[in-house]
Amino acid sequence: MCFRHFLIYVVLFILLTAVVDADATRLTSADYMKAERFLSWNMEGKVFGGSVNPNWIDENRFWYRNRFSEGHEFIFVDPAAGTRQRAFDHERLASALSESTDKTYEAFNLPFTQFEYLNGRHSLRFTIEGEEWRCNIENYTCSGPHERPIRVPNSVTSPDGKLAAYIKDHNLWIRDLETGDDVQLTTDGEEYYGYATDSQGWTRSERPILLWSPDSRKIATYRLDERNVGKMPLIEMQEGRPKLHYWPYALPGDTVVPMHKRIVIHVEVKRIVRLDVDPDHQRTSNCCGMTREGNWGDIEWSADSRHLAFVSTSRDYKEVKLRVADPHTGEVRTVYEERANTFFESNLRDLGVPNWRVFHDRNEFIWFTRRDGWGHLYLYDLKTGAKKSRITSGAWNVVDIIHIDTRNRWIYFTAAGKDEERDPYFQHLYKVRFDGSGLTLLSPEDANHEITVSPSGTFFVDSYSRFDVPPISVVRRQDGRVVTTLEEADITELEKIGWNTPVSFTAKGRDGVTDVYGVIYKPSDFDSEKKYPIINSIYPGPQRGSINTRSFSVTDRGQARALAELGFIVVLIDATGTPRRSKVFHTEWYGDMGDNGLEDQVAAMRQLAGRYSWIDLDRVGIYGHSGGGFAAAGAMLRFPDFFHVGVSSAGNHDNRGYTYYWGEKYQGLLERMPDGSDSYEDQANHLLAENLKGKLLVTYGTMDSNVHPNMTLLLINELIKHNKDFDVMVFPNRRHGYSNEPYNIRITWDYFVRHLLEKRPPAGYTIRR
């Protein structure tokens, strides 16, 4: 070989090596596109028959909308007859509707998602682009648009469907939905001192908070006094001068906080009865907010509308009182009270309906408490408050009361952890008698069961699944027998894009004894011979954990599956401080919110690395939003030698600046010390800013009215003060829920790719939604 040819080979070798090296130091748009396929909104359409949400027609029959390979179909179910069939002839309806509207509609892509049966299921009524249409499904003729029934935005409709209650100028009004006439029920409402006002600081709406009586003649509500509550400001970006927003927002330690005075309004005569009880705090006896399933929580009318029962919760959530009021005289009697040493919970599921029920005609009530360390039901005498019987017991938790058959004295409920051989988070359906006898498992499959009960209480729709088992939906009788199978989910299309099931695991927490549970997400091209960075997608609670559901789902916290596809191992772990385990587990770090279960997270990740050689603990990341943002930044500051890269978004980094109900429940009432310090300092991230060693990206939305940007700015200021290198992204005019905004997802991916994979991400990649 001549010297000239030798030089050519050398040059070619150098060039080829450079190309290979260049490819090894970057990810391409194709890599991001592959990961994008695993974003939740791109996977949802690849699961067929995955969910059944019943729309009840009467006491037992219902319809639901089902996704299948050709589109969507509407299914009618008659449980008593054990039948499942299409609700109508989709082809004929599409043809009739196309002819009537002069548009083209396809049978399984109809222009509506909801409908109402009319004339004994002979006709349908639905809305297309805001206009009402009706179709006869005997001869398949359609007509419209029809004049729509009177609707009142931001209102609460009476049980008989004739009246709608709404707020106008801080007063409560009703509108007759037949005549359109408006009636003013209160007259002295004013700004910051209005009726039925939904103003909770961290969340607000124009819809009134109230509860209609069953006879539609009375409204239970309150007058909210927030006149001297401290205000929270935000500045809205716009051309020219920005716009200032401010509203009442109480913080831990404030001497003046919102209080509501309970009232009952007798609608027909416009008479207001003020209940003879001190104003209550804006509290529900479990997390979070004051409404449950669209109604005011922790309050219930008797079936005959003659009595009103409610629970008052103290400011620190330690004391609860069950009270019964006479809606005609305003007389109030305290029936029962309980005090917890940390915080009381009436349901371990956030936004769950409190698990107490009053039976005025039988002079009894059912009560839920964790006084023995687990969440259980008890039966009490309504007149004396004395305990009559313990209904459930053991090292497990009642989750939700689903239905109560008062005639036969059966309680139907979901529970978790009853079977020691199963995942303690799996929920199952049970029944038990009022006296605690006859406890029976009604949903035996080893899976997580999501239950909906028919209005009659005779049938249950049960959708059950696991991380590794797609949903099966059935109808059960009261004895648990399956009447009919509704759907068996098909994930064939999901598997075609490389879906792999998340792997569940158990590890020991910080104490080396307590089990913590988690899941692992791997890339579709996972190779056990390689080493992968590990990233923790965290939400610390205390009202929920990192894992949203134990059911099969393509929606995971922080779009974890998509992130894993870029070449990471992503884990979600429910550490101590999260619910649905023992009370000790849930309250592990009460009074020290900065703990965030991080010691458990670290312990579990170390154990995983000990089990699996493909986990690289020299490259560890963490990210989260809201409470997860608080925890992610805290991890970088409290464990700077373990976590190397973090992304913290919308974090409540110092709960002295977050809503008072949150901190005062989980940290305790703020106490000020003689030296100027206080009992909240140990949880504040910005006071640990000097500890930062790794790479940290913090983000916030400038119009976040839930977790105020001020808490993030405190952290940023201290990081600057300590001369730390870090990154910031500001989302102008975004409120709290920007975590799934494509740009936020992309910069999160970029950050971990740069600093954990040590590769260059594709420039300016656009994630589409």
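Colleague: Quick one to start. Which strand does Pro145 lie in?

Modeller: Pro145 lies in strand β8. Strands here are DSSP runs of E with at least two residues, helices are runs of H or I with at least four, and both are numbered from the N terminus. This is a predicted model: local features need pLDDT of at least 70, side-chain atom pairs count only at pLDDT 80 or more, and totals for chains, interfaces and linings use all residues. Residues are numbered from 1 along each chain as its sequence is written, and side-chain values use heavy atoms, with hydrogens and water left out.

Colleague: Is the peptide bond from Gly144 to Pro145 cis or trans?

Modeller: Cis. Its omega is near -5 degrees. The bond from Cys287 to Cys288 is cis as well, with omega near 5 degrees. Cys288 sits in the loop between β22 (280-281) and β23 (291-292).

Colleague: Back to β8. How do β7 and β8 pair?

Modeller: In the antiparallel sense, over four bridges. β7 covers residues 131-136 and β8 covers 141-146. Two strands count as paired if DSSP finds at least two bridges between them. Arg134 stands opposite Ser143 in β8.

Colleague: What holds strands together in general?

Modeller: Strands of a sheet pair through backbone hydrogen bonds, either parallel or antiparallel.

Colleague: And how many residues lie between the strands in the hairpin of β7 and β8?

Modeller: Four. In that hairpin Tyr140 takes a positive phi near 55 degrees.

Colleague: What about β27 and β28, how many residues are between them?

Modeller: Six, and that pair is a hairpin too. Gly330 in the turn has a positive phi of about 85 degrees. Seven bridges join β27 (residues 319-325) to β28 (residues 332-339), and the strands run antiparallel. Ala325 stands opposite Val332 in β28.

Colleague: Asp169 has a positive phi. How many degrees?

Modeller: About 55 degrees, although Asp169 is not a glycine. Look in the loop between β10 (163-168) and β11 (171-176). Arg580 is not a glycine either, and its positive phi is about 75 degrees. That one lies in the loop between β44 and α7 (583-586).

Colleague: Why does Asp169 count as exposed?

Modeller: Because its relative accessibility is 58%. Exposed means over 50% relative accessible area, buried under 20%, and partly exposed in between, with a 1.4 Å probe and protein chains only. Arg580 is at 22%, so it counts as partly exposed.

Colleague: New topic. What is the order of the strands in the open sheet of eight?

Modeller: The order is β41-β42-β44-β43-β45-β46-β47-β48, with mixed pairing. β41 (503-508) and β48 (727-731) stand at the edges. Each has a single partner strand, so one side of each is left without a neighbour in the sheet. Neighbouring strands are turned by 20 degrees against each other on average, direction ignored. Angles come from lines fitted to C-alpha atoms, for helices over the stretch in contact, and run from 0 to 180 degrees between N-to-C directions.

Colleague: Do β47 and β48 run parallel or antiparallel?

Modeller: Parallel, joined by five bridges. β47 covers residues 695-701. Thr699 stands opposite Met729 in β48.

Colleague: Which strands does helix α8 touch?

Modeller: α8 (residues 598-611) packs on the sheet and touches β41, β42 (515-521), β43 (532-537), β44 (569-574) and β45 (615-625). Its direction makes about 115 degrees with that of β41. Helix α9 (residues 627-638) lies across β45, β46 (645-649) and β47. α9 runs at about 145 degrees to β45.

Colleague: Is Val698 buried or exposed?

Modeller: Buried, with a relative accessible area of 0%. Val698 lies in strand β47.

Colleague: Which residues is Val698 in contact with, leaving aside neighbours within four places in sequence?

Modeller: Ser648, Thr712, Leu715, Ile716, Phe726, Asp727, Val728 and Met729. Contact means heavy atoms within 4.5 Å.

Colleague: Now His403. Buried or exposed?

Modeller: Buried, at 16% relative accessibility. His403 is found in strand β33 (residues 397-405). Leaving aside neighbours within four places in sequence, its contacts include Trp410, Tyr412 and Gln478. The C-alpha atoms of His403 and Thr414 are separated by 10.0 Å, and the two residues are 11 apart along the chain.

Colleague: Last one. Which strand is Leu244 found in?

Modeller: β19 (residues 243-248). Leu244 is exposed, with a relative accessible area of 52%.
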